[in-house]
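Subject: Structure handover

Hello,

Here is the structure I promised to pass on. Please open it alongside this note.

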Amino acid sequence: MKSIIFIAPPAAGKGTLSRMIEEKYHLPHISTGDLLRDAVASDTPQAKELKQQMESGVLISDEIILNLLTERIKNSDCDNGYILDGFPRTIKQAEDYEKMLKELGKTLGEVIYVGVSKDVAMKRITGRVSCPKCKAVYNEFIEESKPKVPGVCDRCGSILVKRSDDNEETFQVRFDTYMKSTEPLIQHYEELGKLHRISNDVSKELAFKEIETILNGGN
Ligand SMILES: [Zn+2]
(Lines give C-alpha, C1' and ligand atoms only; values in the text may rest on other atoms or scores of the structure.)
Protein backbone atom coordinates (compact mmCIF):
# COMPACT_ATOMS: atom_id res chain seq x y z
CA MET A 1 0.00 0.00 0.00
CA LYS A 2 1.02 3.63 -0.35
CA SER A 3 0.57 6.71 1.73
CA ILE A 4 -1.86 9.35 0.59
CA ILE A 5 -1.70 13.08 1.01
CA PHE A 6 -5.08 14.70 0.57
CA ILE A 7 -5.41 18.23 -0.70
CA ALA A 8 -8.99 19.38 -0.82
CA PRO A 9 -10.96 22.61 -0.62
CA PRO A 10 -13.60 22.92 2.10
CA ALA A 11 -16.63 20.66 1.59
CA ALA A 12 -14.89 18.55 -1.05
CA GLY A 13 -15.85 15.48 0.95
CA LYS A 14 -12.32 14.57 1.97
CA GLY A 15 -13.44 13.30 5.37
CA THR A 16 -15.88 10.81 3.90
CA LEU A 17 -13.36 9.58 1.32
CA SER A 18 -10.73 9.17 4.06
CA ARG A 19 -13.09 7.01 6.07
CA MET A 20 -13.85 4.85 3.02
CA ILE A 21 -10.12 4.27 2.47
CA GLU A 22 -9.52 3.59 6.15
CA GLU A 23 -12.24 0.97 6.15
CA LYS A 24 -11.20 -0.86 3.03
CA TYR A 25 -7.42 -0.59 3.23
CA HIS A 26 -6.90 -0.15 6.98
CA LEU A 27 -4.62 2.82 6.55
CA PRO A 28 -4.47 5.02 9.65
CA HIS A 29 -5.76 8.55 9.24
CA ILE A 30 -3.37 11.21 10.52
CA SER A 31 -4.48 14.78 10.89
CA THR A 32 -2.24 17.43 12.40
CA GLY A 33 -5.22 18.72 14.38
CA ASP A 34 -5.57 15.33 16.08
CA LEU A 35 -1.81 15.10 16.66
CA LEU A 36 -1.83 18.46 18.42
CA ARG A 37 -4.86 17.56 20.52
CA ASP A 38 -3.25 14.27 21.56
CA ALA A 39 0.01 16.00 22.37
CA VAL A 40 -1.75 18.53 24.55
CA ALA A 41 -3.66 15.78 26.35
CA SER A 42 -0.45 13.87 27.13
CA ASP A 43 1.27 14.28 30.46
CA THR A 44 4.56 15.88 29.44
CA PRO A 45 6.25 19.25 30.01
CA GLN A 46 5.90 19.88 26.27
CA ALA A 47 2.14 19.39 26.53
CA LYS A 48 1.82 22.25 28.98
CA GLU A 49 3.80 24.60 26.78
CA LEU A 50 1.86 23.56 23.70
CA LYS A 51 -1.43 24.08 25.49
CA GLN A 52 -0.45 27.62 26.42
CA GLN A 53 0.55 28.36 22.85
CA MET A 54 -2.71 27.04 21.43
CA GLU A 55 -4.82 28.89 23.97
CA SER A 56 -3.06 32.18 23.29
CA GLY A 57 -3.67 31.72 19.57
CA VAL A 58 0.00 31.56 18.64
CA LEU A 59 0.64 29.71 15.41
CA ILE A 60 2.20 26.35 16.25
CA SER A 61 5.62 26.16 14.63
CA ASP A 62 6.35 23.92 11.65
CA GLU A 63 9.06 22.28 13.71
CA ILE A 64 6.67 21.13 16.44
CA ILE A 65 4.15 19.80 13.95
CA LEU A 66 6.82 17.97 11.98
CA ASN A 67 8.21 16.42 15.18
CA LEU A 68 4.79 15.15 16.20
CA LEU A 69 4.21 13.80 12.73
CA THR A 70 7.62 12.08 12.65
CA GLU A 71 6.92 10.30 15.94
CA ARG A 72 3.48 9.28 14.70
CA ILE A 73 4.58 7.73 11.43
CA LYS A 74 7.34 5.78 13.16
CA ASN A 75 4.55 3.68 14.69
CA SER A 76 4.26 0.26 13.12
CA ASP A 77 0.64 0.87 12.09
CA CYS A 78 2.03 3.30 9.50
CA ASP A 79 4.41 0.77 7.95
CA ASN A 80 2.02 0.06 5.09
CA GLY A 81 1.13 3.69 4.54
CA TYR A 82 -1.24 6.22 6.04
CA ILE A 83 -3.57 9.02 5.07
CA LEU A 84 -2.22 12.47 5.74
CA ASP A 85 -4.84 15.16 6.20
CA GLY A 86 -4.26 18.88 6.64
CA PHE A 87 -0.52 18.70 6.09
CA PRO A 88 1.56 19.99 4.40
CA ARG A 89 0.01 23.39 3.79
CA THR A 90 3.05 25.25 2.53
CA ILE A 91 6.02 24.52 0.28
CA LYS A 92 8.33 24.79 3.27
CA GLN A 93 6.33 22.15 5.13
CA ALA A 94 6.26 19.95 2.04
CA GLU A 95 10.02 20.11 1.65
CA ASP A 96 10.71 19.47 5.33
CA TYR A 97 8.34 16.54 5.21
CA GLU A 98 10.10 15.06 2.17
CA LYS A 99 13.45 15.39 3.91
CA MET A 100 12.09 13.63 6.97
CA LEU A 101 10.65 10.78 4.89
CA LYS A 102 14.01 10.29 3.24
CA GLU A 103 15.71 10.03 6.63
CA LEU A 104 13.15 7.45 7.73
CA GLY A 105 13.51 5.54 4.47
CA LYS A 106 9.87 6.11 3.58
CA THR A 107 8.33 7.23 0.32
CA LEU A 108 5.94 10.11 -0.31
CA GLY A 109 3.18 8.02 -1.81
CA GLU A 110 0.50 9.71 -3.86
CA VAL A 111 -0.93 13.20 -3.58
CA ILE A 112 -4.61 13.38 -4.36
CA TYR A 113 -6.34 16.65 -5.06
CA VAL A 114 -10.06 16.26 -4.43
CA GLY A 115 -11.71 18.76 -6.69
CA VAL A 116 -15.18 20.09 -6.16
CA SER A 117 -17.05 22.84 -7.93
CA LYS A 118 -17.87 25.86 -5.83
CA ASP A 119 -21.62 25.37 -6.37
CA VAL A 120 -21.61 21.82 -5.09
CA ALA A 121 -19.40 22.72 -2.15
CA MET A 122 -21.69 25.62 -1.34
CA LYS A 123 -24.75 23.36 -1.18
CA ARG A 124 -22.94 20.94 1.07
CA ILE A 125 -22.03 23.70 3.48
CA THR A 126 -25.01 26.02 3.52
CA GLY A 127 -27.51 23.14 3.63
CA ARG A 128 -25.86 21.49 6.59
CA VAL A 129 -27.93 21.17 9.73
CA SER A 130 -27.18 19.11 12.77
CA CYS A 131 -28.85 17.76 15.85
CA PRO A 132 -27.67 19.45 19.05
CA LYS A 133 -28.67 16.39 21.06
CA CYS A 134 -27.49 13.27 19.18
CA LYS A 135 -25.07 15.06 16.80
CA ALA A 136 -26.63 13.58 13.65
CA VAL A 137 -25.86 15.63 10.55
CA TYR A 138 -28.24 16.31 7.65
CA ASN A 139 -28.31 18.40 4.51
CA GLU A 140 -31.42 20.29 3.44
CA PHE A 141 -30.25 20.62 -0.18
CA ILE A 142 -29.07 17.08 -0.83
CA GLU A 143 -31.85 14.56 -1.44
CA GLU A 144 -30.28 11.52 0.26
CA SER A 145 -29.21 13.54 3.31
CA LYS A 146 -32.44 15.39 4.03
CA PRO A 147 -34.22 14.80 7.33
CA LYS A 148 -37.61 13.09 6.85
CA VAL A 149 -39.38 16.06 8.43
CA PRO A 150 -37.74 19.40 7.59
CA GLY A 151 -35.90 20.83 10.58
CA VAL A 152 -36.41 17.78 12.80
CA CYS A 153 -33.92 15.03 13.71
CA ASP A 154 -34.90 11.58 12.34
CA ARG A 155 -33.24 9.84 15.23
CA CYS A 156 -34.34 11.73 18.32
CA GLY A 157 -36.89 14.33 17.21
CA SER A 158 -34.87 17.36 18.32
CA ILE A 159 -34.97 20.63 16.38
CA LEU A 160 -32.02 20.82 13.98
CA VAL A 161 -29.64 23.77 14.06
CA LYS A 162 -27.36 25.44 11.53
CA ARG A 163 -23.85 26.54 12.41
CA SER A 164 -23.56 30.31 12.30
CA ASP A 165 -20.42 30.22 10.15
CA ASP A 166 -22.11 28.03 7.53
CA ASN A 167 -23.43 30.96 5.52
CA GLU A 168 -22.72 31.83 1.89
CA GLU A 169 -20.42 34.79 2.40
CA THR A 170 -18.23 33.08 4.98
CA PHE A 171 -17.99 30.04 2.78
CA GLN A 172 -17.07 31.99 -0.36
CA VAL A 173 -14.17 33.58 1.48
CA ARG A 174 -13.02 30.28 2.98
CA PHE A 175 -13.18 28.53 -0.38
CA ASP A 176 -11.40 31.26 -2.34
CA THR A 177 -8.72 31.66 0.32
CA TYR A 178 -8.07 27.97 0.31
CA MET A 179 -7.81 27.76 -3.48
CA LYS A 180 -5.39 30.66 -3.62
CA SER A 181 -3.17 29.54 -0.77
CA THR A 182 -2.94 25.97 -2.06
CA GLU A 183 -1.86 26.82 -5.61
CA PRO A 184 1.91 26.71 -4.91
CA LEU A 185 1.58 23.37 -3.13
CA ILE A 186 -0.35 21.86 -6.01
CA GLN A 187 2.29 23.10 -8.41
CA HIS A 188 5.02 21.61 -6.21
CA TYR A 189 3.49 18.14 -6.36
CA GLU A 190 2.74 18.50 -10.04
CA GLU A 191 6.43 19.16 -10.65
CA LEU A 192 7.32 16.06 -8.64
CA GLY A 193 4.91 14.09 -10.82
CA LYS A 194 2.96 13.07 -7.75
CA LEU A 195 -0.27 14.96 -8.16
CA HIS A 196 -3.50 13.23 -9.13
CA ARG A 197 -6.68 15.19 -9.63
CA ILE A 198 -10.03 13.61 -8.97
CA SER A 199 -13.49 15.12 -8.79
CA ASN A 200 -15.96 14.59 -6.00
CA ASP A 201 -18.80 16.50 -7.63
CA VAL A 202 -20.92 13.56 -8.69
CA SER A 203 -20.69 10.89 -6.00
CA LYS A 204 -18.37 9.62 -3.34
CA GLU A 205 -18.50 6.14 -4.86
CA LEU A 206 -17.15 7.46 -8.14
CA ALA A 207 -14.45 9.49 -6.40
CA PHE A 208 -13.48 6.47 -4.34
CA LYS A 209 -13.09 4.37 -7.49
CA GLU A 210 -10.73 7.00 -8.89
CA ILE A 211 -8.67 6.86 -5.70
CA GLU A 212 -8.45 3.08 -5.90
CA THR A 213 -7.19 3.31 -9.47
CA ILE A 214 -4.47 5.69 -8.32
CA LEU A 215 -3.49 3.46 -5.41
CA ASN A 216 -3.31 0.48 -7.74
CA GLY A 217 -0.82 2.26 -9.92
CA GLY A 218 -3.04 3.66 -12.63
CA ASN A 219 -3.69 7.29 -13.21
ZN1 LIG B 1 -30.97 13.87 17.11
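Is cysteine 131 buried or exposed? Cysteine 131 is buried, at a relative accessible area of 1%. Buried means under 20% relative accessible area, exposed over 50%, and partly exposed in between, with a 1.4 Å probe and protein chains only.

Some ground rules. This is a predicted model, where local features need pLDDT of at least 70, side-chain atom pairs count only at pLDDT 80 or more, and totals for chains, interfaces and linings use all residues. Residues are numbered from 1 along each chain as its sequence is written, and side-chain values use heavy atoms, without hydrogens and water.

Zinc site

Cys131 (SG), Cys134 (SG), Cys153 (SG) and Cys156 (SG) are the protein donors of the zinc ion, lying 2.3 Å from it. Donors are N, O and S atoms within 2.8 Å of the metal (3.2 Å for Na, K and Ca); water is not among the atoms, so sites may look incomplete. The donor residues follow the spacing C-x2-C-x18-C-x2-C. Cysteine 131 sits in the loop between strand S5 (128-130) and strand S6 (137-139), and cysteine 156 in the loop between S6 and helix H7 (168-191). The two are 25 residues apart, so this pair links distant parts of the chain. Cysteine 156 is partly exposed, at 33% relative accessibility. The arrangement is tetrahedral because the four donor atoms subtend angles of 99 to 119 degrees around the zinc ion. Four donors count as tetrahedral if all angles lie between 85 and 135 degrees.

Strand S4

Helices (H or I, at least four residues) and strands (E, at least two) are DSSP runs, numbered from the N terminus. Strand S4 covers residues 110-115, and six of its six residues are buried. Glu110, Ile112 and Val114 point one way; Val111, Tyr113 and Gly115 point the other. Strand S1 (residues 4-7) runs parallel to S4, joined by four bridges. Two strands pair if DSSP finds at least two bridges between them. Isoleucine 5 stands opposite valine 111. Five bridges join S4 to strand S7 (residues 195-199), also parallel. There, valine 114 stands opposite isoleucine 198.

Second largest pocket

Its volume is about 180 Å³. A pocket is an open set of points on a 1 Å grid where a 1.4 Å probe fits, with protein on both sides within 12 Å along at least five of seven lines; lining residues have an atom within 4 Å of a point. Strand S2 (29-31), helix H2 (32-41) and helix H4 (62-73) each supply at least two lining residues. The lining includes His29, Asp34 and Arg72.

Best wishes

Terms used:
Grid points are joined across faces, edges and corners, and a volume is the space filled by probe spheres set on the points. Four donors count as tetrahedral if all angles lie between 85 and 135 degrees; four count as square planar and six as octahedral if opposite donors are over 155 degrees apart and all others between 65 and 115; anything else is irregular.
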